[in-house]
Amino acid sequence: MTLLTVVWDFNPTLFSIGSLEIRWYSMMWVLTFAIGMWVFSRCVKEDGYPPKVFDSVFWFGFLSTIIGARLGHCFFYDPVHYLQNPVEIFYIRQGGLASHGTAVGLLLGLWMFSRKNRIPYIWSLDRIMLPVTLGGGLVRLGNLMNSEIYGGPTDLPWGFVFKRAGETVPMHPTQIYEAVCYFITFAVIAWLFYKKDAGHRRPGIVFGVGLVGVFLSRFIIEFIKNPQESFEEDMFLLMGQWLSIPFIIAGVWFIFRALSNPVAVDFPQPDPDKPKAKPKADHLSNVKPASKK
């Protein structure tokens with residue numbers, strides 16, 4: 001580290017076993033999944049759902065996230081190549097996971113999980129946003145350790161010279177910018193969820209705030225980020241910005257809906273001495289207006 005810049009030459013490999021390398025980036029994904037499973041297990045228990053509900057969330061969540069992230073990279077950023085070489089879609093170790101693909105895959109996986117277990121879809125959406133925002137920040141730190149997905153040149157005192165990427169001048173460490181924004185978003189929705197009980201009082205607002213916090217941050221930071229693919233250089237907005245717009249709009253809609261028309265979702269009673277109400281809902285339409293006092 002010099003007076004005005006940070007010379008970044010971090011080794012992306014955490015440890016090696018023979019020819020197998022375990023990278024910090026991979027460990028950030030593992031930690032994200034572990035946090036997600038822990039959050040869901042607590043929510044399933046606290047809201048009185050049977051333990052078997054948790055058994056299926058791992059497969060729906062894990063597989064949909066990985067498949068969505070990989071397909072998102074292949075078809076959002078280099079569709080021609082992967083359509084001509086479809087077998088390379090399975091070469092995950094070569095790199096290439098897209099956050100927008102992750103979001104789409106996870107939303108589909110949660111929808112299937114909710115239908116299978118007859119759980120309100122909005123219940124799943126609110127609760128998954130907690131580990132998603134925290135995990136998003138961790139994954140961006142993994143990108144920092146890989147010296148990838150950074151911004152353009154800067155003369156700010158916190159500019160990073162990414163030596164392993166062949167850079168010789170300070171660049172915006174946009175990985176850190178995004179990570180900080182995601183951690184702040186996590187703090188906000190955790191406050192809403194745990195302190196204000198928004199997951200029960202205003203279903204959808206946690207999910208909506210999370211969407212806006214994550215994807216609006218991404219949209220703004222993309223203005224100083226280097227294009228990931230050459231075809232983006234002549235675009236008015238980068239691909240990541242175009243893909244973020246629908247999520248931002250959806251987030252605003254969820255917030256507006258939760259604030260203007262509060263709903264109450266029927267949950268099972270967590271107290272074993274009380275009769276458990278069978279959850280009748282399995283998606284957004286299965287909610288009822290909250291009684292006005």
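**A close look at the helix packing**

Analyst: Helix 6 (residues 174-195) and helix 8 (residues 205-221) pack with their axes 9 Å apart, at an angle of about 165°. That angle makes helix 6 roughly antiparallel to helix 8, and the crossing of helix 6 and helix 8 is right-handed. Bear in mind that this is a predicted model.

Who touches whom here? On the helix 6 side you have T174, Y177, E178, C181, Y182, T185, V188, I189, L192 and F193, and they meet V206, V209, G210, G213, V214, S217, R218 and I221 in helix 8. Sorted by class, the residues of this contact of helix 6 with helix 8 come out as 11 nonpolar, 5 polar and 2 charged.

Helix 8 also packs against helix 5 (residues 121-145). In that pair the angle is about 25° and the axes are 7 Å apart. Helix 5 and helix 8 are therefore roughly parallel to each other, since angles under 35 degrees count that way. Helix 5 passes helix 8 in a left-handed crossing. The meeting residues are L125, D126, M129, T133 and R140 from helix 5, with I205, V206, F207, G210, L211, V214 and R218 from helix 8. By class, this contact of helix 5 with helix 8 has 7 nonpolar, 2 polar and 3 charged residues. If you line up the two lists for helix 8, V206, G210, V214 and R218 turn up both in the contact with helix 6 and in the contact with helix 5.

Helix 5 has another partner, helix 1 (residues 24-46), at an angle of about 165° and with the axes 8 Å apart. Helix 1 and helix 5 are therefore roughly antiparallel to each other, and their crossing is right-handed. The contact of helix 1 with helix 5 has 18 nonpolar, 6 polar and 1 charged residues.

Now go back to helix 6 and look at the loop between strand 4 (159-162) and helix 6, where M171 is placed. H172 is found in that loop between strand 4 and helix 6 too. Are these two residues buried or exposed? M171 counts as buried, at 5% relative accessibility, and H172, at 12%, counts as buried as well; the cut-off for buried is under 20%.

Leaving aside residues within four places in sequence, M171 is in contact with Y150, G151, G152, P153, T154, G159, F160, F162 and N226. On the same terms, H172 is in contact with Y150, G151, G152, P153, T154, L156, F162, Y177 and I224.

R118 is placed in the loop between helix 4 (99-117) and helix 5, and I149 is found in the loop between helix 5 and strand 4. R118 has a positive phi of about 55° although it is not a glycine. I149, likewise a residue other than glycine, has a positive phi near 55°. R118 is partly exposed, with a relative accessible area of 39%, and I149 counts as partly exposed at 23% relative accessibility.

Over in helix 2 (residues 52-77) sits F54, which counts as partly exposed at 26% relative accessibility. Apart from its neighbours within four places in sequence, F54 is in contact with M37, F40, S41 and V44. The C-alpha atoms of F54 and M37 are separated by 8.3 Å, with the two residues 17 apart along the chain.

Strand 2 (residues 13-17) and strand 3 (residues 20-23) pair in the antiparallel sense over 4 bridges. E21 in strand 3 is the bridge partner of S16. The hairpin has 2 residues between the strands, and G18 takes a positive phi near 65°.

To step back, the protein has 9 helices and 6 strands. Of its 293 residues, 47% count as buried. Of the contacts with a separation of 6 or more, 68% come from residues 24 or more positions apart.

Key:
Residues are numbered from 1 along each chain as its sequence is written. This is a predicted model: local features need pLDDT of at least 70, side-chain atom pairs count only at pLDDT 80 or more; totals for chains, interfaces and linings use all residues. Side-chain values use heavy atoms; hydrogens and water are left out. Axes are lines fitted to C-alpha atoms, for helices over the stretch in contact, and angles run from 0 to 180 degrees between N-to-C directions. Angles under 35 degrees count as roughly parallel, over 145 as roughly antiparallel, 65 to 115 as roughly perpendicular and the rest as oblique. A crossing is left-handed if the near helix is turned anticlockwise from the far one by less than a right angle, and right-handed if clockwise. Contact means heavy atoms within 4.5 Å. Ala, Val, Leu, Ile, Met, Phe, Trp, Tyr, Cys and Pro count as nonpolar, Asp, Glu, Lys and Arg as charged, and the others, Gly among them, as polar. Two strands pair if DSSP finds at least two bridges between them. Buried means under 20% relative accessible area, exposed over 50%, partly exposed in between (1.4 Å probe, protein chains only).
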